[in-house]
Amino acid sequence: MAFTYFFRDLHTINLIVKYLIPEIQGKRNIKLWDAGCAMGPEPFSLAICLSEEMGRFAFKNVHIDATDIDKSNLFADIIENGSYPYEQLQRIPKDIFDKYFERNGTPDHFVIDYNIRNRVRYTRHDLLTLKPVDTGYSLVMCKNVLLHFKPDERIQVIKMFHDTLLTGGLLAMEQTQSLPQEVIHLFDKIIDDGQIFRKK
Ligand SMILES: C[S@@+](CC[C@H](N)C(=O)[O-])C[C@H]1O[C@@H](n2cnc3c(N)ncnc32)[C@H](O)[C@@H]1O
């Protein structure tokens with residue numbers, strides 16, 4: 001199983017929310033892409049944090065494409081059901097947990113609020129096809145995935161992300177993943193303490 005957990009790297013998620021909201025405020029049909037989402041904790045954490053900041057009503061305009069190559073073939077069901085064992089939910093702050101999770105009848109499993117689950121759509125997808133699942137994204141988040149690729153693959157995938165983003169859209173990666181020189185001219189780095197870039 002891929003390594004991931006709820007509210008992983010909350011620092012970066014909070015920065016995404018801070019810089020994304022001014023870009024998307026007042027818009028309808030806002031498209032975000034979490035590429036390499038694993039079993040769902042990352043796109044659901046982003047969705048919860050956005051819903052908290054935007055308010056539930058405005059958040060209804062957000063669609064998150066969550067994609068992964070998923071060699072286990074299990075992620076689609078896990079993400080569609082939005083149900084996780086309690087042991088995987090213990091890092092979530094208690095007030096957020098109480099607000100967004102409820103028992104689903106299975107011992108020790110909790111299901112995510114429908115209004116969050118409903119905004120996240122999973123598609124099985126291999127980034128190395130270099131074909132995006134959609135275009136017109138306000139955000140592409142790709143964390144702890146590119147480090148597994150060869151340098152040239154990394155460059156080609158980042159170029160694909162650039163093509164799928166709206167002008168002004170954000171690309172977010174993990175804190176240790178800087179942009180290769182070959183694609184640096186395509187983006188502005190918007191913060192010093194994270195890897196978040198704006199498409200020029
Ligand atoms: C370490 S997990 C990262 C999960 C999440 N982004 C996070 O940071 O918590 C890496 C994920 O990348 C996915 N992955 C690896 N190669 C991929 C590819 N070519 N296309 C799409 N996803 C891929 C793996 O299946 C795995 O779920």
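Two strands are taken to pair if DSSP finds at least two bridges between them. Helices (H or I, at least four residues) and strands (E, at least two) are DSSP runs, numbered from the N terminus. The structure described here is a predicted model, in which local features need pLDDT of at least 70 and side-chain atom pairs count only at pLDDT 80 or more, while totals for chains, interfaces and linings use all residues. Residues are numbered from 1 along each chain as its sequence is written.

One of the sheets is open and has three strands, in the order β3-β5-β4, with antiparallel pairing. Strands β3 (83–85) and β4 (101–103) are the edges; each has a single partner strand, so one side of each is left without a neighbour in the sheet. Direction ignored, neighbouring strands of this sheet are turned by 40 degrees against each other on average; the axes behind such angles are lines fitted to C-alpha atoms, for helices over the stretch in contact, and angles between N-to-C directions run from 0 to 180 degrees. Three bridges join β3 to β5 (residues 109–112) in the antiparallel sense, and S83 sits opposite V111 of β5.

A further open sheet contains seven strands, with mixed pairing and the order β6-β2-β1-β7-β8-β10-β9. Its edges are β6 (120–124) and β9 (187–189), each with a single partner strand, so one side of each lacks a neighbour in the sheet. From one strand to the next, the twist averages 20 degrees. Helix α2 packs on this sheet and touches β1, β2 (62–68), β6 and β7, its direction making about 165 degrees with that of β2. Helix α7 (residues 151–164) also packs on the sheet, where it touches β1, β7, β8 and β10; the direction of α7 makes about 140 degrees with that of β8. Contact here means that the C-beta atoms of two residues, placed from the backbone, lie within 7 Å.

The pairing around β8 can be followed strand by strand. β7 and β8 are parallel and share four bridges, with L171 of β8 as the bridge partner of V140. Towards β10, β8 pairs in the antiparallel sense, again over four bridges, and L170 faces R198 of β10. β10 also pairs with β9, antiparallel and over three bridges, with K189 opposite F197. Five residues lie between β9 and β10, which form a hairpin.

A residue is called buried if 20 or more other C-beta atoms lie within 10 Å of its own, exposed if 12 or fewer, and partly exposed in between, with C-beta atoms placed from the backbone. Apart from neighbours within four places in sequence, L170 contacts I16, Y19, L20, L139, I196, F197 and R198.

Helix α1 (residues 10–24) has 15 residues and should span 21 Å at 1.5 Å a residue; its end C-alpha atoms are 20 Å apart, which agrees. The expected span is 1.5 Å times one less than the number of residues. The buried residues of α1 are T12, I13, I16, L20 and I24. Their cover includes β1 (30–35), α2 (41–54), β7 (137–141), β8 and β10 (195–199). After α1 comes G26, with a positive phi near 80 degrees.

Two residues other than glycine also have positive phi values. N29, with phi near 50 degrees, is in the loop between α1 and β1 and counts as exposed, with 8 C-beta neighbours inside 10 Å. N144, with phi near 60 degrees, belongs to the loop between β7 and α7; with 18 C-beta neighbours inside 10 Å, N144 counts as partly exposed.
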